[in-house]
Amino acid sequence: MDAFSPIPPLWTESAIHAVEFTCPSCGAGSSQAQAVWINRRSPVYTEGHRHKWQEFYRCECETVWWAWSSDRPVPDDLQPEESDSP
C-alpha cells in the first residue's frame, strides 16, 4: 500500500471524520495505524493559501478515520521550549 497513491484504497470508503487527530473509537494515534492514505488529489486551501490534505488511517481496532493534515499536532520535540526568563 502506497500512502501517496493517486487512487484511494477501498478501505477509505468507510472513513469517519475524527475531530481530534486520533482514532474516534479507541483513541490510538496516527502512528499506530495499520494503513495510511493521503488524499493529495483535491487539496483544500487555507486563508493563508496553504494546502491541507485529508489523511486517512485504518486503526488497529479496524476503525477507519480521517483528519485534516492541518489538525496534526506538532510533535513534542518540535514544540518551542518554555523559557524561565520573565
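Is serine 69 buried or exposed? At 18% relative accessibility, serine 69 counts as buried, where buried means under 20% relative accessible area, exposed over 50% and partly exposed in between, using a 1.4 Å probe and protein chains only. Keep in mind that this is a predicted model: local features need pLDDT of at least 70, side-chain atom pairs count only at pLDDT 80 or more, and totals for chains, interfaces and linings use all residues. Residues are numbered from 1 along each chain as its sequence is written, and side-chain values use heavy atoms, with hydrogens and water left out.

**View 1. Serine 69 sits in the segment after strand E4 (64-68).** Strands here are DSSP runs of E with at least two residues, helices are runs of H or I with at least four, and the numbering goes from the N terminus. Setting aside neighbours within four places in sequence, serine 69 is in contact (heavy atoms within 4.5 Å) with Lys52, Trp53 and Glu55.

**View 2. Here is the largest nonpolar core, with 9 residues.** A nonpolar core is a set of buried Ala, Val, Leu, Ile, Met, Phe, Trp, Tyr and Cys residues joined through side-chain atoms within 4.5 Å. The members of this one are Ala18, Phe21, Cys23, Ala28, Ala33, Tyr57, Cys59, Trp65 and Ala67. Pick out alanine 67 and, leaving aside neighbours within four places in sequence, you'll find it in contact with His17, Ala18, Phe21, Trp53, Gln54 and Glu55. There's also a second, separate core of 8 residues, which includes Trp11, Ala15, Val64 and Trp68.

**View 3. Phenylalanine 21 and tyrosine 57 meet edge-to-face.** Rings of Phe, Tyr and Trp (its six-membered ring) pair if their centres lie within 6.5 Å; planes under 30 degrees apart count as stacked, over 60 as edge-to-face and the rest as tilted. The whole structure has 6 aromatic pairs. In this one the ring centres are 5.9 Å apart and the planes are at 75 degrees, so the pair is edge-to-face. It links distant parts of the chain, with phenylalanine 21 in the loop between E1 and E2 and tyrosine 57 in strand E3 (residues 51-58), 36 residues apart. Phenylalanine 21 is buried at 8% relative accessible area, and tyrosine 57 is buried too, at 3%.

**View 4. Serine 30 lies in the loop between E1 and strand E2 (35-45).** This serine is buried, with a relative accessible area of 16%. Not counting residues up to four places away in sequence, serine 30 touches Phe21, Tyr57, Trp65 and Arg72.

**View 5. Two charged ends sit over tryptophan rings.** A charge sits over a ring if NZ of Lys or CZ of Arg is within 6 Å of the ring centre and within 35 degrees of the ring normal. The charged end of arginine 40 is 5.0 Å from the centre of the tryptophan 53 ring. For lysine 52 over tryptophan 68, that distance is 4.7 Å. Tryptophan 68 also belongs to an aromatic cluster with Trp37, Phe56 and Trp66.

**View 6. The cysteines form 0 disulfides.** A disulfide is a pair of cysteine sulfur atoms within 2.5 Å. Cysteine 59 is in none, and the nearest cysteine sulfur, that of cysteine 26, is 3.5 Å away. Cysteine 59 is buried, at 1% relative accessible area. Cysteine 61 is in no disulfide either, with the sulfur of cysteine 23 the nearest at 3.7 Å. Cysteine 61 is partly exposed, at 35%.
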